[in-house]
Amino acid sequence: MLYKVRSLGLQGISGYEVTAECDLSGGLPNFDIVGLPDAAVKEARERVRAAIKNSGYAFPVGRITVNLAPANRRKSGTVYDLPILVGILAAAGVLDWTDPDCAFVGELSLSGTLRPVVGMLPMALAARQAGIQRLFVPADSAPEATLAEGLIVYPVETVQQLADHLSGRDPIPPAPPWTGETADLPLPDFAEVRGQEPVKRMLEIAAAGGHNVLMVGPPGSGKSMLARRFPSILPPMTRREALETSKIHSVMGLTSKERPLLTQRPFRAPHHTISAGGMAGGGNPYPRPGEISLAHNGVLFLDELPEFHKDVIEVLRQPMEEGTVSVVRSAAAETYPSRFTLLCAMNPCKCGWYGHPSGRCRCSPGQVKQYLGKLSGPMLDRIDLFAQVPPLEFENLADRAPGESSAAIRARVLQARQRQQERFGPRGPACNGGMGQKELRQYCALDAEGQALMKGAYEHMGLTARSYDRILRVARTIADLDGAETIQSHHLAEAIQYRQSDYFPL
């Protein structure tokens, strides 16, 4: 007897519908799974067999063939355990049930209990798009599945509980939509930072417009401390942004039943020993998202930037421009979103003390040049704000008065972002940092004084077309923070000032 059960699969960060076709026929006992399964899917035979027996049912004797359709797409993971079990029990006549609007997803333990699966959110979104109305998932994955909205999600704990529900003996109550804690997690506050007011101003501009920042300074000047507090002034994510980001984290197993939805912008800080594949994404045979995709709609912080391998730094160039990264492997090619704010920190030389008033730098001019030369011109051209973080004076450290709080800075950032949303509309860029040529021409026009100022900077600093556009974007953000409708000369002058660096003459 043939029985078909609807299920869902995962490819990249997107879900798709899968049909488990279970056929029971006479012959020698055999259990085959076909449809391009990987090792984890093939091992479902033993999990399903043990789960059926340990749930009090007899495992059918005969030839069992399970086809996971479409058969031309590779299947991976443990999400097909539950639909295979339901199909076998229904084909054997143990379950007298049929409902074409249902789908099943879940991993089985040998005892018949269900374990949570990764990637539940993208699969639930795919189920809604496929017209599935009722979705049976492990109880711990149910909160994440309810985020898709428009689905009736049933949290299943055991095989016996599912059988009782399908037979009508003991219905499972649907899982309520997740409405858990949405408040931001506590973050370090800028009030704890002593001095460095110009750098705080740059970070405020970066948060308001989504601009990339490079901080250069000696050890102990506060670069990492400032970076760790940067998320506290970022605006909250919209519902669309939260779902986009949560999908990626769900696929990587970084969500939980307590917090299935990311309500706070991600802050990723990979170690400098990371590989290019770990940064951009990769893996064999199926590519997985990397750090730049996990930082989507958030911040990617690279501390000690020159210590990263050169290929790791250079792999950031295309994603920073396009907002996506394409990962090609022999088995599949995937495109992942990667719109992030790049926040970097570095010392001015290998020993860290080049230019320090104490004069304790041990590096020769050639060594300093070699150290700074690890950053290519094309990469530096994609940085919007260059922040020089000087060593703190004793008076700054001795001052016990708290600095300006993150809440006060964030209020100004939110006002600037609100102006940008009203300007661009729902279909435009999310912030000034994402403006294209059309928006630059429309919203970043300069008057005669601004044109003359920009021409002088372009010729004197040797700017490129890309850096020219980036200065305009930063100037637009400064004008938004100032509440100005147009870019004025002092807004442009401040943006040009942030483009200059004693270490990287651009």
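## Terms and basis

Helices (H or I, at least four residues) and strands (E, at least two) are DSSP runs, numbered from the N terminus. This is a predicted model, in which local features need pLDDT of at least 70 and side-chain atom pairs count only at pLDDT 80 or more, while totals for chains, interfaces and linings use all residues. Residues are numbered from 1 along each chain as its sequence is written, and side-chain values use heavy atoms, with hydrogens and water left out.

## Overall picture

The protein has 21 helices and 18 strands. Its C-alpha atoms fill a box of roughly 85 × 45 × 45 Å along the principal axes. Of the 506 residues, 53% are buried. Buried means under 20% relative accessible area, exposed means over 50%, and partly exposed falls in between (1.4 Å probe, protein chains only).

Contact means heavy atoms within 4.5 Å. Take the contacts between residues at least 6 apart in sequence: 73% of them join residues at least 24 apart. The accessible surface comes to about 22,200 Å², and 51% of it belongs to carbon and sulfur atoms. These areas come from the Shrake-Rupley method with a 1.4 Å probe; for residues, only the protein chains shown count as cover.

The protein carries 54 positive and 53 negative side chains. Lys and Arg count as positive, Asp and Glu as negative; His and the chain ends are not counted. The centres of the two sets lie 4 Å apart, with each charge placed at NZ of Lys, CZ of Arg, CG of Asp or CD of Glu.

## Two nonpolar cores

A nonpolar core is a set of buried Ala, Val, Leu, Ile, Met, Phe, Trp, Tyr and Cys residues joined through side-chain atoms within 4.5 Å. The largest has 70 residues. Those with the most contacts inside it are Ile-84, Leu-85, Val-86, Phe-104, Met-120 and Leu-135. Helix α3 (residues 81-91) gives the most to this core, with eight residues. Another core lies apart from it, with 46 residues, among them Ala-208, Ile-409, Ala-457 and Ala-495.

Leaving out residues up to four places away in sequence, its contacts include Val-5, Leu-8, Leu-82, Val-86, Trp-97, Phe-136 and Leu-166.

## Helix α4

Eight of the ten residues of helix α4 (residues 120-129) are buried, so the helix is largely enclosed by the rest of the structure. The buried ones are Met-120, Leu-121, Pro-122, Met-123, Ala-124, Leu-125, Ala-126 and Ala-127. Their cover includes β1 (2-11), β2 (14-25), β8 (134-138), α5 (142-145) and α9 (239-251). Just after α4, Gly-131 takes a positive phi of about 85°.

Leu-125 belongs to this helix. Its relative accessibility is 17%, so Leu-125 counts as buried. Beyond its neighbours within four places in sequence, Leu-125 is in contact with Ala-148 and Lys-247. Leu-125 and Gly-483 are 358 residues apart in sequence and 40 Å apart in space, C-alpha to C-alpha.

Arg-382 sits in the loop between α15 (377-380) and β18 (385-388). Its relative accessible area is 8%, so Arg-382 is buried. A polar atom of its side chain lies 2.8 Å from the backbone oxygen of Pro-378. Setting aside residues up to four places away in sequence, Arg-382 touches Asn-212, Arg-317, Met-320, Glu-321, Arg-466 and Arg-470.

Glu-107 lies in strand β6 (residues 107-108). At 17% relative accessibility, Glu-107 is also buried. The side chains of Glu-107 and Thr-78 make a polar contact (2.9 Å). A polar contact is a pair of N or O atoms within 3.5 Å; within protein, one must be able to donate a hydrogen and the other to accept it, and residues adjacent in sequence count only if both atoms are side-chain atoms.

## Backbone exceptions

Most residues other than glycine have a negative phi, and most peptide bonds are trans. Glu-149 has a positive phi of about 60°. Glu-149 is in the loop between α5 and β9 (152-156) and is partly exposed, at 47% relative accessibility. Gln-196 has a positive phi of about 55°. Gln-196 is in the loop between α6 (159-167) and α7 (197-209) and is buried, at 9%.

A cis peptide bond joins Ala-69 and Pro-70, with omega about 5°. Pro-70 lies in the loop between β4 (63-69) and α3.
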